[in-house]
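Please look over the model shown here before reading the notes.

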Amino acid sequence: MAMNKTDIFKDKISVLPEFEPEANLWGRIEAELDFDLNMKRAIAGLPTFDPEDRLWDEINPKIQKPNNYIPFIVKWSAMAASVAIVVSLSVLLYHTHSQSKIIVETEIVSEEISSEWPQPSLTEIKAIQMIEQLCQSDKSVCDNQSFKEKIDLYHELELEEAQLGNAIKSIGESPEMVKALIRIENMKSKTIQELITLMNV
Amino acid sequence: MRKLVYILAFVLLLAGLKSVAQQEVYKVSKLIDRDFTQEVKEVEIIGEKATIEIEGWNKNYIDVQIRMISRNPMRKNAEIDLQYIKTDLIQTGSTLRMKNFFEGKSSQITSNLSVEYIIKVPSTVSLTVSNLYGKLMVRNSSNQIQLDVSFGSIELESVNGKINVLSKYGDITGDKIEGSISCTAEKTDINLKEVNAPVKIKSKYGEIALSLTSNQYPVIINSHRTKLLLTIPDKPFNYKLKTLFSEIDLPDKTVIKDDFYEKKINDTVSTLELSTSYCPIIILTGKKL
């Protein structure tokens, strides 16, 4: 006949060794519990005591101050570092002040589509060449003071025009530069016309 | 045929409109802003492609703003080219000097570079200014002024100090001129309104228009191939006029051809001493320019 679980458990327990605690064990545990309780009662029953106010005033002078000695080299190094920091900061501030802020904006500008530097027209070149050729064959007109003056003016205008042209190519144009250019162009044309008129006289 | 003309006109109109274009550019600028409170008696400016604006004020210090400008459709190029604009600003004793110039090879620079000066000065400070390729404006000044401008314009307004101007290939305009003005101009047009000051002008190739408000000060214009137009108050003047190969038009509508005209009333009124060649002398009364 098969044994059930309860029978097996009872059978195993019956073979376990027996152990009897010491007779005073419970008495010791009770005594420790009583000590904590008694201690609490005793602390609560202790008298309170406040020290007199002047006590700390008398103690303070007697406390020995910590040694504040800083080595000479450390002291001067710190001072030098401080001066360096101040100087660096001043230089930095000066640079910040002297360096101007760069501003970037966009703008719409009107410009001529064909704003290339005007070259002397073929007609103008031909006219000057013709005048110079005629001067070689017939010097009577070209020796005239008024004629010489106009030829000098034309060459002066050419020179000024070239100077202005170089400046525009280099740094860009301005309205004043363009106006001066128009003035020169008009004067050149007028001078050529006057030269031709003088030659026809 | 009529339809064809309209089409042609429309095409020409479009072509005309296209001759001007608008473009967005980057304007990169750097500003120098300084005040000079120490004793300054003279300001000297040497500008190149600069717009210089000087205004007299009633404060006892000088305010200087110099703006360097680089314009380019490419932002990076505008920023790079800004470095080619150089400026100096220094006070030596009682003189404050400032100048700008462009340093760099033409091939390196792709931007349109320029400089703007805005200067405010007390009335006790005298000015010596030169500029190339730019505009110069002087307003509300009673100082001694010395100006030298080539390929640029000069604008004067409410000035009553001793003014000396040298101009080449430019325009000089002025309004409310007192004190005195002396000018040497070449290939320059001069237009001065409300002049109540002694005037002395030497001119070669150009046009001069003056509007006088009194007959108290002498006007001497010694010119060559320059058209002269004077508007004077309806008061007596002494005349000393001369033109060569042209004519003289007087206020009473008299026209004198290719000649010399002299008329003296008395020494208490001013004399208009004008000479030119190949161009007329026109004198009108009353009408403002």
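The sections below take these topics in turn.

## Confidence

This is a predicted model. Chain A has a mean pLDDT of 73, with 66% of its residues at 70 or more. Within chain A, helix H7 (residues 145-171) has the highest confidence, at 90, and helix H4 (residues 72-98) the lowest, at a mean of 47.

Over residues 85-98 of chain A, pLDDT stays under 50, and the model has 0 contacts beyond four places in sequence for them. Where pLDDT is low, predicted coordinates should not be read in detail.

## Helix H2 of chain A

Helix H2 (residues 25-44) of chain A has 20 residues, so at 1.5 Å a residue it should span 28 Å; the end C-alpha atoms are 30 Å apart, which agrees. H2(A) is hardly covered, with 0 buried residues.

## Helix H7 of chain A

The 27 residues of H7(A) reach 39 Å from first C-alpha to last, close to the 39 Å expected at 1.5 Å a residue. Its buried residues include Leu153(A), Tyr154(A), Leu157(A) and Leu164(A), and also Lys150(A) and Glu160(A). The buried residues of H7(A) pack against H8 of chain A and against strands E6 (95-102) and E7 (112-122) of chain B. After H7(A) comes Gly172(A), with a positive phi near 90°.

## Contact between chains A and B

In chain A, 27 residues are in contact with 34 residues of chain B. Strand E1 (102-112), H7 and helix H8 (175-200) of chain A each supply at least two residues of this side of chain A. E1(A) gives the most, with 11 residues. By type, the residues on this side of chain A are 13 nonpolar, 6 polar and 8 charged.

Notes:
Residues are numbered from 1 along each chain as its sequence is written. Chains are lettered from A and ligands numbered from 1 in the order in which they are written. This is a predicted model: local features need pLDDT of at least 70, side-chain atom pairs count only at pLDDT 80 or more; totals for chains, interfaces and linings use all residues. pLDDT is the predictor's confidence in each residue, from 0 to 100. Helices (H or I, at least four residues) and strands (E, at least two) are DSSP runs, numbered from the N terminus. Two residues are in contact if their C-beta atoms, placed from the backbone, lie within 7 Å. The expected span of a helix is 1.5 Å times one less than its number of residues. A residue is buried if 20 or more other C-beta atoms lie within 10 Å of its own, exposed if 12 or fewer, and partly exposed in between; C-beta atoms are placed from the backbone. Ala, Val, Leu, Ile, Met, Phe, Trp, Tyr, Cys and Pro count as nonpolar, Asp, Glu, Lys and Arg as charged, and the others, Gly among them, as polar.
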